[in-house]
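This briefing covers the chain contacts, domains and helix packing of one model. Please keep the structure open while reading.

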Amino acid sequence: MNFLSDPIKVISTWLTSLLTGWGLSAGLTSVLLSLVGIVLMITAVMVLDIMLVWVERKVVARFQGRLGPNRVGPYGLFQPFPDIIKLIIKEDITPDGADKLVYNMAPIISLGSVIFLWAVVPIAARIYGADLNVALLYMVAAGSLGTLSIIMAGWASNNKYALLGAFRQVAAMISFEIPMVVALLIPTILTGSLSLQVITDKQSGGNWFFLLSPLGALLFLVSAIAELGRSPFDLNEGESEIVSGYHIEYTGMKFGLFYAGELLHAFTFGGFLSILFFGGWHGPAASTYPLLGVFYFVVKAMIGYWVIMWIKYTVPRIRIDHMLMFNWKFLTPLAFALLIVTAVTNSLLKGSSFYMPGMFLSNFLLGWITIEIMRFSSRKQRLAVKAPEPAVQH
Amino acid sequence: MAASQIIFIFSAALIIASAVMVVSSRNLIHAALWLIAALFGVAILYAVLDAGFLAVVQVVVYIGAIAIMFIFAVMLTHRDMRDSGVQVNPGWPLAAVLSLLTFGGLFAILSKWNGLGNLPAPIPGTTNTLAQLGLALTSPDAYVLPFEVASVLLLAALIGSVYVAMNKK
Amino acid sequence: MIPLNWFLYLSAALFSIGLFGVLARRNAVAILLSVELMLNAVNINLVAFWRYGNTASMAGQVFAIIVFAVAAAEVAVGLSLIYSIYRRRGTIIADELDLMKW
């Protein structure tokens, strides 16, 4: 067995032989090894998270024509560490009248709901936490824990702005969950499985689902941004209206946990976008050398993350009624139409040589029809507004 | 003691303790949050019982939707958010006696039954219970009718609740 | 391996706690919370009997899913009723909703 072809297996067999050599029983050893794996995974993700602070700040700066952090270390690379030190030494305030337990639990659940997601992420060939056969639903479940943490924070802060932010965010998250789940069903229809491992493996050799269902990828991206609560859907924070919403009362490291959770969540959704529609870790020579697969996966996830940031720092915030209208009158019907079209096309063309072009064309047609309908209805709205104008002429 | 037994005892303790808090907590938001803890424990039990799909659906449906709806309802129906009066009826001792009697009766009936010490037969590695469940829910000679009726029920509940809660002016 | 009776006793206890809540709580929302506990007790039983009985027939899991749907419908209708009552009467204490009582 070669370290390069299966690093996790090599390390675990070595550790097992070491631990059983010390006289531990086989059951205890496997429990210990799982614990080590969990701790390693969380540590890796958290270290990545620290670097994401730098990435985010640097990329924002580029979008806004600034330089970004550039004093601490080369290219400001060590900027996150002073940030963290600052967060840790800040005063830790629990406001008067706050519900102490709930108030302090909320940031933990917020970050935890994101770290939960990494249990099912296939990082590379033979490197993953668990191969659940319901991984996609697990993802939605972890997202609902995130919703819970927001409403806990909003309520326990004993602050009207916090509660308003939480209400807005929960209303948005619950409604945008529907198009997201439907978008998740599209890779499920294409593979016949809810397991992320199977979904990645079906996309080996450049057979990305993005080519089969570009509209599905777009739907997932939009609803993921709403689920993340990032601009243009960042009504939960809305700095100019409700002074940063549900985490208004949080200081120091508690705020840091929310912030870290948000960044990691965005990166994780970039990763899911790459897994579901862009082949995950698959790339040249990735199945023989898993460490290369890790590299491909991180690069693809970073590109997804970059797209999310790009949208965040380019598009202004929209109003809550527009946002919910956008979901219920546009995104959800489109998602269901796409689901039906994908299912029908998939069962009609499966196995034929027209499969890929047929899927792409059906998506393209659906997108075109949607745009035509939108153009028609927006024209009708414009005409309805313009009509009363000529009444003033004499 | 096997690992699954330790997990069972942990989650059973979580369920019972949180359920007691649900019925005894004075603050209704806390009661709803304790309900979430209890439901989470039930989800763990489903995972122990090899029903992974149900475990995840439990979290999505109960914690993601139902519990959050409860929290909303509590917030909407409280005059001030800290309603800290007595939250039980004057007749609560009678209720306690009744529920203890129920538990005693169930316990007595259960301990007479002789299928109790049963251990589960291992599920063969080749069967995919998730696929089986999907087929059972959609095949006409299994449960497609109850499944469709359930979806009609959900639609009716959706329309009905919107109609009932609508502010008719 | 866990014997079947552990699950059954747990679900009996959960059901009884829920029953106590339904009978003793004053707030209508709290009564609905307790009903949820009772439904979950039923679901534990259904899934446990599925696992310890014939796993090839999916009856237990299918029933559990239908209980999920019914629970969601019940909560939606129940909470909207409670909200509507609150708007009209200004209270959701079950004892004070005695308009029909003489």
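The model is predicted. Two pairs of chains are in contact, and chains B and C share the most contacts. Chain A and chain C do not touch, with 14 Å between their nearest C-alpha atoms.

**Chain B on its own**

- Chain B has six helices and zero strands, so its elements read α-α-α-α-α-α from the N terminus on.
- Of its 169 residues, 35% count as buried.
- Among contacts in chain B between residues at least 6 apart in sequence, 48% link residues at least 24 apart.

**Contact between chains B and C**

- On this contact, 71 residues of chain B meet 58 residues of chain C.
- Each of α1 (3-24), α2, α3, α4 (92-112), α5 (129-138) and α6 (144-165) of chain B supplies at least two residues to the side of chain B that touches chain C.
- The largest share of that side, eleven residues, comes from α4(B).
- By class, the side of chain B that touches chain C holds 56 nonpolar, 14 polar and one charged residues.

**Contact between chains A and B**

- Here 15 residues come from chain B and 16 residues from chain A.
- Both α2 (28-48) and α3 (52-76) of chain B give at least two residues each to the side of chain B that touches chain A.
- The largest share of the side of chain B that touches chain A is from α3(B), with eleven residues.
- The side of chain B that touches chain A is made up of 13 nonpolar, two polar and no charged residues.

**Helix α3(B) against helix α2(C)**

- Two packed helices are described by the angle between their axes and the distance between the axes.
- The axes of α3(B) and α2(C) come within 11 Å and cross at roughly 170°.
- At that angle α3(B) is roughly antiparallel to α2(C), because angles over 145 degrees are classed that way.
- From α3(B), the residues B:Leu54, B:Ile66, B:Phe70, B:Ala73 and B:Val74 take part, and they meet C:Val29, C:Leu33, C:Glu36 and C:Val47 of α2(C).
- This contact of α3(B) with α2(C) has eight nonpolar, no polar and one charged residues.

**Helices α1 and α2 of chain C**

- In chain C, the axes of α1 (residues 4-24) and α2 (residues 28-52) come within 8 Å and cross at roughly 165°.
- α1(C) and α2(C) are therefore roughly antiparallel to each other.
- The crossing of α1(C) past α2(C) is left-handed.
- The residues of the contact of α1(C) with α2(C) comprise 19 nonpolar, six polar and no charged.

**Residue C:Ala72**

- Where does C:Ala72 sit? C:Ala72 belongs to helix α3 (residues 59-89) of chain C.
- Is C:Ala72 buried or exposed? C:Ala72 is buried, because 20 other C-beta atoms lie within 10 Å, and 20 or more is the cut-off for that class.
- Leaving aside residues up to four places away in sequence, C:Ala72 touches B:Val61, B:Ala65, B:Ile66 and B:Leu154.
- One of these, B:Ile66, is also among the α3(B) residues that meet α2(C).
- C:Ala72 and C:Glu36 are 36 residues apart along the chain, and their C-alpha atoms are separated by 9.6 Å.

**Domains of chain A**

- The domain assignment gives chain A a domain 1 (1-89) and a domain 2 (93-372).
- The C-alpha centres of domain 1 and domain 2 of chain A lie 22 Å apart.
- In the contact between these domains, 19 residues of domain 1 of chain A meet 20 residues of domain 2 of chain A.
- α1 (7-21), α2 (26-63) and α3 (80-89) of chain A each contribute at least two residues to the side of domain 1 that touches domain 2.
- α2(A) gives the most to that side, with ten residues.
- By class, the side of domain 1 of chain A that touches domain 2 of chain A has 13 nonpolar, two polar and four charged residues.

Key. Residues are numbered from 1 along each chain as its sequence is written. Chains are lettered from A and ligands numbered from 1 in the order in which they are written. This is a predicted model: local features need pLDDT of at least 70, side-chain atom pairs count only at pLDDT 80 or more; totals for chains, interfaces and linings use all residues. Axes are lines fitted to C-alpha atoms, for helices over the stretch in contact, and angles run from 0 to 180 degrees between N-to-C directions. Helices (H or I, at least four residues) and strands (E, at least two) are DSSP runs, numbered from the N terminus. Angles under 35 degrees count as roughly parallel, over 145 as roughly antiparallel, 65 to 115 as roughly perpendicular and the rest as oblique. A crossing is left-handed if the near helix is turned anticlockwise from the far one by less than a right angle, and right-handed if clockwise. Ala, Val, Leu, Ile, Met, Phe, Trp, Tyr, Cys and Pro count as nonpolar, Asp, Glu, Lys and Arg as charged, and the others, Gly among them, as polar. Two residues are in contact if their C-beta atoms, placed from the backbone, lie within 7 Å. A residue is buried if 20 or more other C-beta atoms lie within 10 Å of its own, exposed if 12 or fewer, and partly exposed in between; C-beta atoms are placed from the backbone. Domain bounds come from an automatic or database domain assignment.
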